[in-house]
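Colleague: Hi! Could you walk me through this one? I'm new to it.

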Amino acid sequence: MPSPEIDALTQALARLPGLGPRSARRAVLHLVKKRETALAPLLSALAAVEARLSTCGTCGNVDTTDPCAICADPRRDMRSLCVVEEVADLWALERSRLFPGRFHVLGGRLSALEGVRPEDLSIAALVGRIEAGGVDEVVLAMNATLEGQTTAHYVADRLEALPVRVTQLAHGLPVGGELDYLDEGTLAQALRARRPVA
């Protein structure tokens, strides 16, 4: 039987997405065996992130600076704004390196079953960013789920009176698929084939 501390580490890792109890045990054994080369750097990296972690006040991205590196980058196209449900979706699109603009994270999606209402998301902040001017196109990059598409339609309705072109990702995305699990080729095609919201 491992010590309570090692058992607590195993249980903490098992709560992470994609890791179950067996994978967590393997990870802990690896960290224990490679204490100097794996455990110490991991602890150092976790402490550094924990000390500096913040949510970007502009877009809602998670970073160690506010504004985040994307919002602070002067090379980004300020006229294009891509709206996503979660930070994982932003990171997936950013990995593709195909969208040159900036982002806005809603912090979820509308869901009557889960009790998520428009005021629970950062839709008002999005409208404020667009009303401030300088944005020509808003790309709605919601997941191809019922809740994602409901959110996209709601956001499109809120932006209808504003002087901005609203587009959404092409529906080459698999129905029920989530951006974080798609490969760069699929994301590239979806971004290239975006179209106005009907």
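**A first look**

Modeller: Happy to! The chain has 8 helices and 7 strands, where helices (H or I, at least four residues) and strands (E, at least two) are DSSP runs numbered from the N terminus. This is a predicted model, in which local features need pLDDT of at least 70, side-chain atom pairs count only at pLDDT 80 or more, and totals for chains, interfaces and linings use all residues. Residues are numbered from 1 along each chain as its sequence is written, and side-chain values use heavy atoms, with hydrogens and water left out.

Colleague: What box do the C-alpha atoms fill?

Modeller: Roughly 65 × 35 × 35 Å, taken along the principal axes.

Colleague: And how many of the 198 residues count as buried?

Modeller: 39% of them do; buried means under 20% relative accessible area, with a 1.4 Å probe and protein chains only.

Colleague: Switching to Leu-121: where is that found?

Modeller: Leu-121 sits in the loop between strand E4 (101-105) and helix H6 (123-131).

Colleague: Why does Leu-121 count as buried?

Modeller: Because its relative accessibility is 6%.

Colleague: Which residues does Leu-121 touch?

Modeller: Leaving aside residues up to four places away in sequence, Leu-121 touches Leu-106, Gly-107, Gly-108, Arg-109, Leu-110, Val-116 and Thr-151. A contact here means heavy atoms within 4.5 Å.

Colleague: What about Ala-72, how many Å separate its C-alpha atom from that of Leu-121?

Modeller: They are separated by 23 Å, and the two residues lie 49 residues apart along the chain.

Methods:
Buried < 20%, exposed > 50% of the residue type's maximum accessible area, 1.4 Å probe, protein only.
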